[in-house]
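My entries follow in the order of the look-ups.

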Amino acid sequence: MAIGSGLGAQLGIAPEVTYGTYVAPTKFIEFTKESLVLKKTTAQSAGIAAGRLLALSSRRVLTRREVSGSIDLEITNKGMGALLQALMGTTVTPVQQAATNAYLQTHTLADTAGKSLTIQKGVPLTTGTVTRKNFLGCKVTSGEFSCEVGGMLTGSFEVDGKDCEESSALAAASYAAMSPFHFGQMALKTGSFGTETALDGIRKVSCKIERPLEVERFYAGQSGLKKEPISNDQVKISGNLESDYVATTLDDLHTSDGATSLVWEFIGPLIAATFFETFRIVLPAIHLDEGPPVVDRFGVVKPTFNFVGLYDGTNQTKIEYISTDVTL
């Protein structure tokens, strides 16, 4: 029996082969908060019948079903691959580095067609019995990453799904030994693509990648369920850089509206040889929209620069992840 509170909850995930078809969870992620729910649309018959004062229960119908919500978690040195693939779109196979236990995942920005997840949520009753909800056809519509002074690297993933079923068995959760990436491992670099150099004075960074999708693909003959959402707009990348005003590097870019490549990385412990646990976001071209320094009384000037990520015409946005994970 599990603990009869959120302490006994679990989330398991698995990439799907066919959109909306259940796959038993193979990885269990440690999360801090989730809001995944079944959303249903109903219609109530309102026919007039002599003397009837209340609508008939038997004439309420369920016309469509879908799933929505989010998952908040700490980005760790293991187990992130399936979520990153669902966000970024490229089919990824971890590549062994030399003959070591280090494996590189390169999640390059691509269309997310065919990239969906089964997400199984275990929710404990107060008795300790864990109920299950299997969310099918889960597409990641956005991912936001953030880290600040003294904190961990966190992620928040928005999800749109096809359906929820409760018949498939609850999988037994198991967790690999893992640790979170954190501020003490963080560096931010800017400059020409491939030769970026570290910036001083950075206190907080956030980056959001949005995948606009047509999620209203409800058609006749689908039993009130949607077909797989498809991309219906360009990807949106945005974020902000909070800093102390130690140099004019970012301020000059804001003034000129010039582009710079941005590399935001976390380098953890050595795995083997020269390969370290790594989480790295590479944005080949960003522009700063807001954030010129202003003086507010006597303290250190602390500008916050908002940015957008764009395509430099050659290099794609990517997330690089080095861990000991042999598979996603």
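Is Tyr321 buried or exposed? I find Tyr321 buried, at 0% relative accessibility; buried means under 20% relative accessible area, exposed over 50% and partly exposed in between, with a 1.4 Å probe and protein chains only.

Note on the source: this is a predicted model, in which local features need pLDDT of at least 70 and side-chain atom pairs count only at pLDDT 80 or more, while totals for chains, interfaces and linings use all residues. Residues are numbered from 1 along each chain as its sequence is written, and side-chain values use heavy atoms, with hydrogens and water left out.

Entry: strand E19. I took helices (H or I, at least four residues) and strands (E, at least two) as DSSP runs numbered from the N terminus. I counted two strands as paired if DSSP finds at least two bridges between them. E19 pairs with E18 (residues 260-272) in the antiparallel sense over nine bridges. Within that pairing I noted Phe279 of E19 as the bridge partner of Phe266. E18 and E19 make a hairpin with two residues between them, and Ala273 in the turn has a positive phi of about 50 degrees. E19 also runs antiparallel to E21 (residues 318-323), with five bridges, and Thr278 has Ile322 of E21 as its bridge partner. With E20 (residues 304-310) I again read an antiparallel run and five bridges; here Leu288 is partnered by Phe307.

Entry: aromatic pairs. Rings of Phe, Tyr and Trp (its six-membered ring) pair if their centres lie within 6.5 Å, and planes under 30 degrees apart count as stacked, over 60 as edge-to-face and the rest as tilted. I get seven aromatic pairs by this rule. Phe145 and Phe279 have ring centres 5.5 Å apart and planes at 50 degrees, so I logged the pair as tilted. Phe145 lies in E9 (residues 130-148) and Phe279 in E19, so this pair ties together parts 134 residues apart in sequence. Phe145 is buried at 0% relative accessible area, and Phe279 is buried at 0% as well. Phe279 also pairs with Tyr321, edge-to-face, at 6.5 Å centre to centre and 75 degrees between the planes. That pair links E19 with E21, 42 residues apart. I then traced a cluster linked by ring pairs: Phe145, Phe157, Phe181, Trp264, Phe266, Phe279 and Tyr321.

Entry: On a 1 Å grid over the protein atoms alone, a cavity is a set of points where a 1.4 Å probe fits but cannot get out; a pocket is an open set with protein on both sides within 12 Å along at least five of seven lines, and lining residues have an atom within 4 Å of a point. Grid points are joined across faces, edges and corners, and a volume is the space filled by probe spheres set on the points. The largest pocket holds about 290 Å³. I listed 14 lining residues, with Leu109, Val235, Gly309, Leu310 and Tyr311 nearest its centre. The second largest pocket has about 160 Å³, and its lining includes Arg280, Val282, Lys318 and Glu320. E18, E19 and E21 each give two or more residues to this lining. I found one cavity of 30 Å³ or more, and the largest cavity has a volume of about 40 Å³.
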